[in-house]
Amino acid sequence: MIEALNLQDFRSYHNDSFEFEPGVNIVVGPNASGKTNLLEALLVACLGSSYRARDSELVRHKAPWSRLDAFTSHGTRTVKLETIEGADRVQKSFVLADKTYKRLSLNKTVPVVLFEPDDLRLLTGSPERRREFMDDMLEQMVVGFGQLRRQYKRTLAQRNALLKSGDSHVNTQIFAWNIRLAELGGAIAKERLALVNRINQELQTIYRQLSDSKITVGVKYKTACSGHQYESQMLSKLEATQDLDIQRGFTGYGPHRDDMHITLDNHPADEVGSRGEIRTLLLGLKIVEVRLVEEVRDEKPILLLDDVFSELDGARRMALTEFLAGYQTFITTTDADIVVQHFLDQCHVIPTNKTKESVQ
C-alpha cells in the first residue's frame, strides 16, 4: 500500500503532503482543485509515467524540476523530473532502495488499475482507445511488452516517413522495414490475442453477476491477419499494398489498425446495448482487468477511480463498492456524500484543502 505521498512542483502542487489509509481514500474538492493531479502523481510513482500527459507537462509551470516521494509498505519510491533548458522535455529518474534507474522494469513497478471517465466511452469511442486498453494492461502483465510496444511505434513511424519521403528508391529500401514491422506486429498480436481469450473466460460470469441477465457476452480481436499466422500474413499484405501505402503515406495493415469488439448475443454491443448494458460491460471489463493483473503479478493492484461514481447509477455503484473490498482504493469526487454513503466500513476523506479526516 501507499502510506503517504510528498509532491514538489508536480502539476498544480507546489509543496504538499498526503497521508493515506489501507482501504478507501476519498479525494474531495471542486473541479480544477487538483484531485486528478493527485491520482496522476500516484500513477507516476507506481508505473513511472502518466496516462494523460508527456513528462515535460508534469513539472509545475516555470519550475526547474519536480519530485515525488511515495512512502509504501515496501520502502520509498522517488521520481525526479528535471527540465532541460531550451528543450521541451525533461530528464527523468527513479530512486528505489537508494539505487537510481532511468526506466522502471516490470518488476520494479507497483500494479495499478485506473478507472477514469474516458473508460466509459471505451466501447463507443475510437479503435485506438480499445488498442490502448489492451496494451496498457499487457504492459503490467507481460515482461518486455512496454519495450516491444515502443519498438513497434518507432518502426511504424520510420516506415511511414519513408512512404512520405518521395524517395525514388522507396521500393528497394522498404523491404527491410516490412520484415521488421511484421516481426514486431506479430509479437504484439500474439499477446493481444492471448489477453482477449483471458478476458472472454472472465467477462461472461462477471457480467451476469452484475446484471442478473442471461445475455451472452463475447470479446473478439478484429484483425485483417490470421492470429496463428499473423507475422507472415502481415508481411504479405504490406508487400501487396505497398504502392497504395506510398500513395496514402501511411501503413494500412498491422496491430495499429486492429480492434477489440464486444458483442451482446452476437451483436455489436455499441449498436444494440442500452446505456445500462454498456455501463455494466465497462464495469465488468475493469473488474476483469483488476483480476488478471492481480493473478499475473501475484499482488493486489492499487485502484484509482477518477470521478466515475457520478457516472454510475445506484445498482452499479453498489456492485463496484462490493468489489473494492480488500483493495487500497483512491476515489476522486466533487461530492463526498455520493461516495461515502456506499461504504459501511471506515473510509478516509481527503479534502483538497489538505485537511484530513476520517469518517465512519
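An open sheet of six strands runs in the order β2-β1-β4-β5-β6-β7 in this predicted model. Its pairing is antiparallel. The edges belong to β2 (13-19) and β7 (99-101). Each has a single partner strand, so one side of each is left without a neighbour in the sheet. On average, neighbouring strands are turned by 15° against each other, with direction ignored.

Phe 94 has its bridge partner in β7, namely Tyr 101. α1 lies across β1 (2-10), β2, β4 (65-72) and β5. Relative to β1, α1 runs at about 110°.

Next come the helix pairs. Two packed helices are described by the angle between their axes and the distance between the axes. For α2 and α4, the angle is about 95° and the axes lie 10 Å apart. Angles of 65 to 115 degrees count as roughly perpendicular, so α2 is roughly perpendicular to α4. On the α2 side, the contact is made by Arg 131, Phe 133, Met 134, Asp 135, Met 137 and Leu 138. α4 contributes Glu 191, Arg 192, Leu 195, Val 196 and Ile 199. By class, seven of these contact residues are nonpolar and four are charged, with no polar ones.

α8 and α9 (residues 314-324) are arranged otherwise. They pack at an angle of about 5°, with axes 11 Å apart. Angles under 35 degrees count as roughly parallel, and α8 and α9 are therefore roughly parallel to each other. From α8, the residues that meet α9 are Gly 276, Glu 277, Arg 279, Thr 280, Leu 283, Ile 287, Val 290 and Arg 291. Their counterparts in α9 are Arg 316, Ala 319, Leu 320 and Phe 323. This contact has six nonpolar, two polar and four charged residues.

What of the empty space? Rolling a probe the size of a water molecule over the atoms shows where empty space is left. One cavity of 30 Å³ or more turns up in a search of the whole structure. The largest cavity has a volume of about 80 Å³. β8, α8, β12 (302-306) and α9 each give two or more residues to the lining. α8 gives the most, with four. By class, the cavity lining has 11 nonpolar residues, one charged residue and no polar ones.

The pockets are open spaces. The largest pocket has a volume of about 1800 Å³. Of its 49 lining residues, Ser 49, Ser 50, Asp 136, Glu 139 and Arg 149 are the closest to its centre. Among the elements that give two or more residues to this lining are α1 (35-47), α2 (127-139), α4 (170-211) and α8 (275-297). The lining divides into 18 nonpolar, 10 polar and 21 charged residues.

The second largest pocket holds about 480 Å³ of space. It is lined by 23 residues, and Thr 72, His 74, Arg 77, Val 110 and Glu 299 lie nearest its centre. Here the sheet returns: strand β5 (residues 75-83) gives the most to the lining, with three residues. By class, this lining has nine nonpolar, nine polar and five charged residues.

Technical notes
Residues numbered from 1 in each chain as written. Predicted model: local features only at pLDDT ≥ 70, side-chain atom pairs only at ≥ 80, totals over all residues. Heavy atoms only, no water. 1 Å grid on protein atoms, 1.4 Å probe; cavity = no way out; pocket = protein on both sides within 12 Å on 5 of 7 lines; lining within 4 Å. Points joined across faces, edges and corners; volume = space filled by probe spheres on them. Nonpolar A, V, L, I, M, F, W, Y, C, P; charged D, E, K, R; others polar. Axes fitted to C-alpha atoms, helices over the stretch in contact; angles between N-to-C directions. Parallel < 35°, antiparallel > 145°, perpendicular 65-115°, else oblique. Contact = heavy atoms within 4.5 Å. Pairing = 2+ DSSP bridges.
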